Each structure stands twice: as C-alpha cells, then as structure tokens.
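Please walk me through this structure in the viewer, one selection at a time. At each stop, tell me what to select and what is there.

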Amino acid sequence: MTTVRVIRTVLVLAGLGLASIGALRLFDLGWANFVAAAVWLGAGVVLHDAVIAPLTILIALGLARVLGARLSGALMVGLIVIGTVSIAAIPVLGRFGARLDNPSLLPRNYVAGWLVFVAVVLVVAIVAGRWAQREKGHSGGADPRR
Amino acid sequence: MVRRTREGGGLVIPTPGDFTSRLRSPAVAARVGVLLAISFCLCLVTGLISHEAQSADPVFVLPTSPVWLYRLNQGLHVTSGIAAVPLLLVKLWSVFPKLFARPPKKVKELIVEALERGSIAALVSTSIFMLASGLANAAQWYPWDFRFRATHYAIAWIAVGSMIIHIAIKLPIIADVLRADIDSDTHDRETSKPSLLTRRNLVGGAALASAVAVVASAGSSVPWLRKVSVFGVRDGGPAGIPINKSARAANVVASALSDDYRLQVQYLDQSVEFSRKQLLDLPQHNYELPVACVEGWSASGLWTGIRMSDLLDEVGAPRGHDVRIESLQASGHYRVTTLPAHFAEDDQALLALSLNGEPLSLDHGYPCRLMVPNRPGVLQTKWVGRIEVVTT
C-alpha cells in the first residue's frame, strides 16, 4: 500500500470510530431524545437542499435579469454577505427566546440592526463596484464579462 | 446558473451538467472547506473544554488563573460556530450539483458511491444541526424536544468523524486542486461557463461574510464591539451585567428576600449560620471577575464578598475538600453544584455580596452568590442557601 493509501485508510477508520462514539452516546440518551434529534438532523438537510439552495438560484436569476450589467462582482460579494449573515441571525431576528422578566436577554431591536447592516453592506458593495469599474476603465482593460 | 427545462418540458430532476457556473467547482469547495475545517476544529476543541468545565465528573479541570480563560474559550466556541455559518453555506452551494449525480451502474462502484454519499449525508446533516442548535441556544431559543447539551455533544462526535472520513475520501482531489491555480479547470464539469464573479472573489467573499458575522455578534463577549454588534444576544442588566435567569423565573423571590434567610455553612457536625448582615461583617475582598456563560456571552464586573476559604475556616474545614453549594431554588438542573477543591481554595473565589459597588441585585443572586474564576456561568450558583464541605 502506498503512504497516501495508508493515511486515507487510517483517517477513515478514525472517523468511523469517532462517529460511532457519537452515535452510541446519542442512543444512550434514550429513544425519544434520538427521534427528536433525528427529526432535526433530517429537517436541516431538507431545509437547505429543498428550500435554501433553490431559493438562492431563483434569487440569483431574478437579480441577474433585473440588474443586468449593473450587477458587479462587488455587489455579488455584498449579497453573499447579506444572505449568509442573515441566515446566521435568524434566532435573534425572531427574538424567539425573549423573556419579559429578563431585559438583558436579546435586548436590541434586531430588525432595525438588520436594516442598517443591509444598507451599509449595499452601499459599500455599490461604491466598491463603481470604483473597480473606473479602475478598469483607466487601465483600459477589456471587460471580462462573458 | 441552471437550465431548468428540457425538451419535453415538465418537472425534470436536474443533472450536475445543468449547473453551469464555474464557481461551483472543487477548486472553490476545497478552499472554503479548509476555512470551514479550521473553524470546526476550533469549535470542537473549545466545545470539549467547555463540556469538561461544566461536567459534574470532569476528566480534567481548568486552572483558576488567568481568570479570562473560560471566558475566552466560550467566546471562541460560539464565535467559531458563527464564523462557520457563511462558510458552510458557500461550501454547500459550491458542491450542490453533486447532489444530482446519477448512481453508477457497476455494483462495486455503487457500493463505494453509497458509502461516500452516506458519509456526506452524515456530515451535512450534523454540521447544519450543530450550527443551528448552537445559534438557537445562544439566543435561548429551544424549539425542540431533545436535551440540548447532551445531544449537541454526542452529535459533535458524529460531525467530526464524518468530516475526517470526508477529508480522507476526497484527499487526492483536495491535494490536486489546492496545488493547482484556483482558476485551473482540471476537475470542473464540462458545462462550466465563466461567471461575473471570480473564484478568488467568491472564496474571499465567503471569508468576508464569516468575518462580518463574527463582528455582528461578538459584542456579547467583546466589550468594544458592543456598539457594532447589531446581532449581539446580551447587553445591560442589573449593575451593567446581563443575567440568564431572573429570580422570578427561578421562583426564589420570597425565600431570597425573607427576614429568616440564613446561610448555612457545614463541615461534618460543625454548622454555622449567617444572616446577610453577619456576612457583611466578615472580611470583604474585591476582585474583577467575568461572568461567562456557556452560551458565549460574558461580562466583567467588580465583585465584592467573602473568600470561600475564609468561610470554610469558620467551620474549621481543612483544605483539599470539594464543596457542595446549594441554591434557595426549589428545583432546577443546577440547584446543587459541586465546587472542586482547587476552585474553593483560590483567593479570588468569592461568596459575592455586591457587584460594581451596589448590593447584589435579586436577579444576580441576592443575598449572596458564588463567583469563582473560570467557572461556567451556570455553576456560579445564585441565591446560595447552604454550603457543605464534601467529606466522602
């Protein structure tokens, strides 16, 4: 066996070992706990593959159609930042865990914060896009768009 | 982009060839994958330390100094998880066409493919699970029926195991694309077409999104980021320090405010009782100590109170014993906690009576609470009613 093959085999076995430890621990927590966790394990994948991924494609297609040549690389990066950070912020945006007896928990107006965040990213992305385009114009380079 | 319809029309499951963006390539997946693996490893190591710190029967215990150790660990744990969210989303986006690959016809290839897909299914589902459950927990949102801590811990092992298997399976292609230029098309689908965004900018964009997610939330543990962290989960609170559980939620208001309140300190048959006034008459010490919650937020305050060691001297307890701390709470997971001996003996281990110059507020644990360096917030028992030296 080559060295690479040995490394890969060892890694697969180590991975199987660690995953088995986790699976056993999960079963140890009881059947009801396992089922509740399994539902969430499956739901996460379905949510991504059947909702988030197709929605991303539709949004990208829509934006390409609406914005046309105004859609710059910088703006696309900005939209990636907005999209992914917004998903990470869902638990606070909904303030699902807020409690009346604890004002120090989830204390902000998260929707207002989100609007400011989106506005800042969009402004930076648009300015950066314009700036990049002007630079390109000055250097006389060809437009790399297809 | 995707060519959605084919000749004949109707709903057709796409094939990998229908995805034409050259950004969806192993060259991007491997690079974002490296960043993701780094954040996962950081999350794992800090998670294991955190798990031990909170364990009733730990394999190893944290030292008592420097006092910011647990705070740093927990901040890194939650922050590395948040940093992983944009990376995971971009990584999944870059490999999405693979989901639609048709199974091979030969039996042997089919088995290999099934194993590989199984490991990927485990990796993707556990990764999403870990990040989603962790994010929700940091915002005290529990929309599930499983036990968070034990389940989050068990599934972490499955996530790491399947990540290692995934890396092992993909090792040749990872090595190949990382050695080659990012724009090399050796491993691309034949249908790949140029796109507006460069691959370099996509990888950079994923890293940028990750950094922005961190800055937007880290203010709950990094004070100077408080103003810009629009998604921070904690701020304010009595005497400027946030709380996790109020006295009302713990159902201790009546017993904590009662005139009959006495702190009982016991060692074997030696037992002494103190009213809050008597506690205030004992020698007081001030220490700047952070409250650091398992959920990642932390805040530093000036705590004033009696040294645990002084209190144990009152009942003539020798050194070297663990100490059991009981709250006035009638119920709750952490009503009774055990403070390992080396924490109890530390000079900075306090039974705190005031915070930032104000008498301890009810929500911070009035009449008195435990405040010890490098202990998770849930183990810094509030509304302490009884302290007993463990002798068995």
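A residue counts as buried when its relative accessible area is under 20%. Keep that cut-off in mind for the first stop; note also that this is a predicted model.

**Stop 1: a loop residue in chain B**

Select Ser220(B), which sits in the loop between α5 (199-215) and α6 (247-250) of chain B. Is Ser220(B) buried or exposed? Its relative accessible area is 4%, so Ser220(B) is buried. Now show what surrounds it, leaving aside neighbours within four places in sequence: Ser220(B) is in contact with Arg226(B), Gly232(B), Val233(B), Arg234(B), Trp297(B) and Ser298(B).

**Stop 2: the open sheet of chain B**

Select the strands β2, β1, β10, β5 and β6 of chain B, which in that order form an open sheet of 5 strands with mixed pairing. The edges are β2 (270-274) and β6 (336-339) of chain B; each has a single partner strand, so one side of each is left without a neighbour in the sheet. On average, neighbouring strands of this sheet are turned by 15° against each other, direction ignored.

Of its 5 residues, 4 are buried, so β5(B) is largely enclosed by the rest of the structure.

**Stop 3: helix α2 of chain B**

Select residues 69-95 of chain B, the 27 residues of α2(B). From first C-alpha to last, α2(B) reaches 38 Å, close to the 39 Å expected at 1.5 Å a residue. Centre the view on Val85(B), where α2(B) bends by about 30°; a proline, Pro86(B), follows within four residues. α2(B) is mostly covered, with 20 of its 27 residues buried.

**Stop 4: helix α2 of chain A**

Move to residues 31-67 of chain A, which make up α2(A). How far apart are the end C-alpha atoms of this helix? They are 52 Å apart, which agrees with the 54 Å that its 37 residues should span at 1.5 Å a residue. Just after α2(A), look at Gly68(A), which takes a positive phi of about 55°.

**Stop 5: the contact between the chains**

Finally, show both chains and colour the residues in contact: 71 from chain B and 60 from chain A. Between them, chain B and chain A bury about 5,700 Å², 77% of it on carbon and sulfur atoms. Which residues of chain B lose the most area to chain A? Select Trp141(B), Leu196(B) and Phe231(B), which together account for 12% of what that side buries.

Methods:
Residues numbered from 1 in each chain as written. Chains lettered and ligands numbered in written order. Predicted model: local features only at pLDDT ≥ 70, side-chain atom pairs only at ≥ 80, totals over all residues. Heavy atoms only, no water. Pairing = 2+ DSSP bridges. Helix = DSSP H or I, 4+ residues; strand = E, 2+ residues; numbered from the N terminus. Axes fitted to C-alpha atoms, helices over the stretch in contact; angles between N-to-C directions. Expected span 1.5 Å × (residues − 1). Bend = angle between axes of the 7 residues up to and from the residue. Buried < 20%, exposed > 50% of the residue type's maximum accessible area, 1.4 Å probe, protein only. Contact = heavy atoms within 4.5 Å. Buried area = accessible area lost by both parts, 1.4 Å probe.
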